[in-house]
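Welcome! Let us take a friendly walk through a protein chain, one spot at a time. Keep the picture at hand as you read.

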Amino acid sequence: MNPALIQCTICGHTYPAEEHPSCQTCPLAKGCAMTCCPVCGFQSVNVERSYLARIASRVFSINLRGKNASKEEEKN
Amino acid sequence: MNCHTTTQPASIDTEGSVALIGHPNVGKSVIFQRLTGQRATVSNYPGTTVEVMRGTARSLALTTIVDTPGVVTFPPVSEDERVAARVLLQEPLKAILQVGDAKNIRRTLMLTLQIAEMERPMVLALNMCDEAKERGVVVDHRLLSEHLSIPVVPTTAVRGDGIADLNHALKTVQPPNYRLKYPAELENALAKFGTHIQHTPIAARALGLAWFSGDPITEEWIAGNVSGEALLELVALRDALQISFVEPLRSIIQQVRLEYVENIVSSALLSSGANVQSFSSRLSHLTTHPVWGLPILGLVLYSLYWFVGVFGAGFLVDLLEVNLFGSFLNPLISDNIHRFVPIPFLADLLVGEYGLWTMGMTYALALILPIVTVFFLAFGIMEDSGYLPRLAALSNRMFKALGLNGKAVLPMVLGLGCVTMATLTTRVLESKRERMLVTLLLALAVPCSAQLGVIMGMLAGISLTATLIWSSVVLLILLAVGWLAARLVPGDRSQLLVELPPLRWPILSNVAVKTLARLEWYIKEVVPLFLIGTAIMFTLDKTGVLAKLIQAGRPLVVSWLGLPPEASAAFLMGFLRRDFGATGLFLMEAQGLLTPLQVVVAMVTVTLFIPCIASVMVIAKERSKKTALAMMVVIFPLALFVGGLLNRLLLLIGWGL
């Protein structure tokens, strides 16, 4: 599966969520939904790893698709 | 200056790629994620170390979206720009999607003209329209579209606005059909250039302009695609053309483009916003100001204190702990356990004083969960609004006195989320000295989110003065230890590079997703640990060891810190997790067992106390076991010493008795 991308809130670096090696040494990594930016270390949410966040983002993206679809229909 | 040609519009084929091109920080990556659904393969562009992302478009059949590195200038100078130029010149593109900053329309259009001259199907996404609007920049995108003969789509990618229109435009995109008129000598040279070049990947005219501008990527392509004799003729053509002008050819070409851009801007830019400095940009400036930034920080911290301490730890905890757990759930479960579990030992393990439900689950769900929920919500708002990077920039100045500026500030700020993870992030620091100093300060004086929430809740129940005493003492210790350690361990400092995004209203969906992810992680981590901690306390209690430990801790806890003997149990729990210990003290305060003075002393001591077991493990792993042990040897007596000293000082002035 291709990696999800995360843009760091602090330094703006975009990186694949699973890339950072810190997770491998972290004792809290199991079940952790966070990921650390390889450039500045800031912790961002890795939506793919969180069940709740996945559901929430799906709910929001369904709404978004709904809006966009109606816009396209209007255009046509 | 321009004339429209009569190129027949042709629909693009269904296979190939769409390249995203644009200046740095115009939101290309966000548009890429919107178009591909956050899925991508990342690989180095062949022959380079520059990463290029590719992903499958969600709404365009058989289309790959290629996200190129940001371009500052064309002809390219950096390796990143060369890769972007190579993608344009060498990839089988079916369309180009330029992402431009709506706030900086001139710079955007200069790049648009260069890309449009390639005569490939292209769309211009005028991104960050929300910020442009805030700054009073108004662009007539329809007029712009007419001038350029390409679709111009206003977007605010972070909100997903305009993405549907972008997808629609990409489905029906056509090559632009306008042509700039350059000086006659240059036009003649372009015509001659065309006779030497066959089967060009982009319009021969655009290739010619790039050749005359001295573009190294074009030179590289031409050298590999024409005969040696033709190459010599092209070089001679360029040299001869240069003789006709005083200025370099590149400047002549840019001048024509610039004039055309000014021409378009004069009609399509309805308002430049030059006289309008938006509230957000003024506020943004103030947040990092060395003087004005501090009262703003104070206001943010006060809001955090009110939201987390008063609302979360006061109102919400009261609702859950007193009303739901205390009055309903716990009596119900306790009654049923006692009725259906005939073995008193087992019943005690479940619902006794140190019961898995009455202590472990009640602490985790009724006390900590509401507090961390509001804290994570507040943290998410600070993050999404763009305040957090500003806090890092402001702290950078403040921490200079410690010898801890630059990147070292970030883990300190991040420690407010989770000290364990912040300790791991110290590996981004370049020098060993900084890694050591920050790890020590994190372990000593930076409370994690859960602990901070509980502390705020306890202090909010007393007064603002109590909060100010606690924060002043902790900050003083942080500064003193940092200052001392920085002088004992000399060395270089690494620079902090923070990208300040615009200050904006947080987006509800972003904050909700982040808060839920953090909560899920917290519950997964905290519930098992709280249950283990409770089981340990239960065992210590049943074996009589707890009573002996409380008795042994009496001189320190009662005589030195001035706390009730039961507080020893809370400090014992603090060895497992600092918030576990703080919650024990929280409950003691709720039961009226602590005076305001004792609360402040206990909170200062528990904040400076040994970090949780996970943090100690990370310190041992990241630094060394010896370092971890040395740190604990320093931290443990220091926390008790400061707590006791504060107790005596407050007793002396008669505060909080």
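## A serine and its neighbours

Setting aside residues within four places in sequence, Ser17(B) is in contact (heavy atoms within 4.5 Å) with Thr64(B), Val66(B), Pro92(B), Leu93(B), Lys94(B) and Ala95(B). The C-alpha atoms of Ser17(B) and Pro92(B) are 6.8 Å apart, although 75 residues separate the two along the chain.

You can find Ser17(B) in strand β2, residues 16-22 of chain B. Strands (E, at least two residues) and helices (H or I, at least four) are DSSP runs, numbered from the N terminus. Ser17(B) is buried, with a relative accessible area of 9%; buried means under 20%, exposed over 50% and partly exposed in between, using a 1.4 Å probe and protein chains only.

## About the model

This is a predicted model, in which local features need pLDDT of at least 70 and side-chain atom pairs count only at pLDDT 80 or more, while totals for chains, interfaces and linings use all residues. Residues are numbered from 1 along each chain as its sequence is written, chains are lettered from A and ligands numbered from 1 in the order in which they are written, and side-chain values use heavy atoms, leaving out hydrogens and water.

## Chain B as a whole

Chain B has 28 helices and eleven strands. Of its 657 residues, 55% are buried. Among contacts in chain B with a separation of 6 or more, 76% join residues 24 or more positions apart.

## An arginine in a helix

Arg238(B) sits in helix α10, residues 228-243 of chain B. Is Arg238(B) buried or exposed? Arg238(B) is buried, with a relative accessible area of 16%. Its side chain makes a polar contact with the side chain of Glu219(B), at 3.0 Å. A polar contact is a pair of N or O atoms within 3.5 Å; within protein, one must be able to donate a hydrogen and the other to accept it, and residues adjacent in sequence count only if both atoms are side-chain atoms.

## An enclosed helix

Helix α24 of chain B (residues 567-574) has seven of its eight residues buried, so it is largely enclosed by the rest of the structure. Those buried residues include Phe571(B) and Met573(B).
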